[in-house]
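Subject: A two-chain model for you to explore

Hi there,

Here is the structure I promised to pass on. Please open it next to this email and follow along as you read.

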Amino acid sequence: MDILELSELSVRIILGTLGLTAFGIIFGLFYKGIDRKLSARMQGRIGPPLRQPFRDVAKLFAKENIVPDHAIPWIFNLIPLVGLIAAISILLYLPIGGFPALFSWGGDLIVILYLLLIPSLSLVIGGFSSGSPYAIIGAQREMATIIAYEFPLAIIIITIAWKFLQKGATNVFSLATITATPVWNQVTGPLGIIGFAILLLVLLLVTPAELSKIPFDASEAETEIAGGLLVEYSGRNLAMFYLMDGVKTVVLASLVVTLFFPYNLSPLLHLASYPGMALDILFYLFKVFLIILFSVTLIRVAIARLKIDQIVYTYWIPLTLASLVGLILVMWDSVVMNLFSSA
Amino acid sequence: MFTLESGSGFWNPLLWILIVFIAFLLLYGIRGFGRNTYKKDTEQTKAFLSGNKEPSPDEMHVKASNLYWGFTTSLNNVYTALRKMHTGNTSDYVLWFVIILAVLFLVFGVM
């Protein structure tokens, strides 16, 4: 690598990180505003204005940043920042706005899965470092939730990778491979479509647990353990966790879009250059909105909070079985179609 | 450059460290705009316990085994069956070993 390439890469890394940080935070808060407004309307309330999450962050920055007596101060202060940074770093590996990922060569789907764990773990560590029994109970529940939803999530990722491997693709975990030929184009018959539809549904139900949203928010449970792992957080530290939640929402919705709906409108309408790019960005933002509408807004308005044993049961029994059924259907897809074609 | 490849997966740790470093500088700066003061050694720094007096940390310790409560309750049938198998009797464990070995011999013998 010569000096010109190195400097170009450096500029890409710096501008990419700055740009996607701004994108993640602004749109994370914007989608949070939409979610709050829509859920309020569904419950017969007027709801806060769309800019309310921005005001919340501004207000948190003006509030006292209290560190409890029994907390471990350096972990307590550092960990919200770590969670937010990890959530933002994922954006650089994901295709955003209909464009290819900025650094698709820098990490694959497995790396993204590991990076997705860091914000959740930062909540757990923050809870344990708070020195409050409510926070410790919340942190334990968050850990149990993580262990529960990782199982079906792993099956989904493995199924997608297996399908690409069967089709002779190299780098089966690469997002560039997955977006180049979407999963729906890989199937040969109805069994594969049903299988991937089941896996999509399971992924949409894993999303609220990843985001600690109702009905999977036993770790926070305001009415029961007073906010759980966030109970002792205030001021700018809480603002960091608030921003992390917004960014992670965009990350997860973008991941669902990347895995299952990486389509753009511009080739369909034969648009090129700036109009095409603008259309693709708008279409991507709309797809992200639809994912958030289903996975976050509709589910949290419709269903009451589950207990932690019900959360574990939901992920380990029905959803794991559903994802295994999806896996088997995807595996049988080509076999059954071959039988029909040979007959 | 510096991309680690496992045959099926790949990642570049150096790139991630650079991204994290830049994001850290930016967000640490943004965090700096927030207020960093609070009233030390006041009621404010006591843990919130719904108005109850805060006991010593030893007395309000939450056992780590609580973590598994969700699993032991929701998968109660599985755990009950597993507990029944764990009799603590060595001859039972040897019997399990012999049975599983016989099954493995059968499986590999047939294959």
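A quick definition first: pLDDT is the predictor's confidence in each residue, on a scale from 0 to 100. You will want it because this is a predicted model, and where pLDDT is low, the predicted coordinates should not be read in detail. In chain B, strand S1 (residues 4–5) has the lowest mean pLDDT of the elements, 76, while helix H4 (residues 90–110) has the highest, 91. Chain B as a whole has a mean pLDDT of 83, with 98% of its residues at 70 or more. For the complex, the predictor gives an ipTM of 0.81 and a pTM of 0.85.

Let's start with chain A. It has 13 helices and 0 strands. Its C-alpha atoms fill a box of roughly 75 × 55 × 45 Å along the principal axes. How does the radius of gyration of chain A agree with that of a compact globule? With 343 residues, such a globule would have a value near 20 Å, and chain A has 21 Å, so the two agree. Buried residues make up 51% of chain A. Of the contacts in chain A with a separation of 6 or more, 79% join residues 24 or more positions apart.

Chain B is built from 4 helices and 2 strands, and along the sequence it reads β-β-α-α-α-α. A compact globule of 111 residues would have a radius of gyration near 13 Å, but chain B has 28 Å. Its C-alpha atoms fill a box of roughly 70 × 55 × 25 Å, and 10% of its residues are buried.

Now look at where the chains meet. On this interface, 54 residues of chain A are in contact with 42 residues of chain B. Several elements of chain A give two or more residues to it, including helix H1 (3–42), helix H3 (73–91), helix H10 (235–260) and helix H13 (308–342). By class, the chain A side has 35 nonpolar, 12 polar and 7 charged residues.

Is B:Arg31 buried or exposed? B:Arg31 counts as buried because it has 21 C-beta neighbours inside 10 Å, and the cut-off for buried is 20 or more. Leaving aside neighbours within four places in sequence, B:Arg31 is in contact with A:Leu81, A:Arg236 and A:Met240.

Helix H3 of chain A deserves a visit too. It has 19 residues and reaches 29 Å from its first C-alpha to its last, close to the 27 Å expected. H3 of chain A bends by about 30° at A:Ile79, and a proline, A:Pro80, follows within four residues. This helix is mostly covered, with 14 of its 19 residues buried.

Finally, please turn to the loop between H8 and H9 of chain A, where A:Ser212 has its place. Most residues other than glycine have a negative phi, and most peptide bonds are trans. A:Ser212 is not a glycine, yet it has a positive phi of about 50°. A:Ser212 counts as buried because it has 24 C-beta neighbours inside 10 Å. A:Pro215 is found in this loop as well, and a cis peptide bond joins A:Ile214 to A:Pro215, with omega about 5°.

Enjoy exploring!

Best wishes

Notes: Residues numbered from 1 in each chain as written. Chains lettered and ligands numbered in written order. Predicted model: local features only at pLDDT ≥ 70, side-chain atom pairs only at ≥ 80, totals over all residues. Buried ≥ 20, exposed ≤ 12 C-beta atoms within 10 Å, placed from the backbone. Contact = placed C-beta atoms within 7 Å. Nonpolar A, V, L, I, M, F, W, Y, C, P; charged D, E, K, R; others polar. Expected span 1.5 Å × (residues − 1). Bend = angle between axes of the 7 residues up to and from the residue. Rg over C-alpha atoms; globule rule 2.2 N^0.38 Å.
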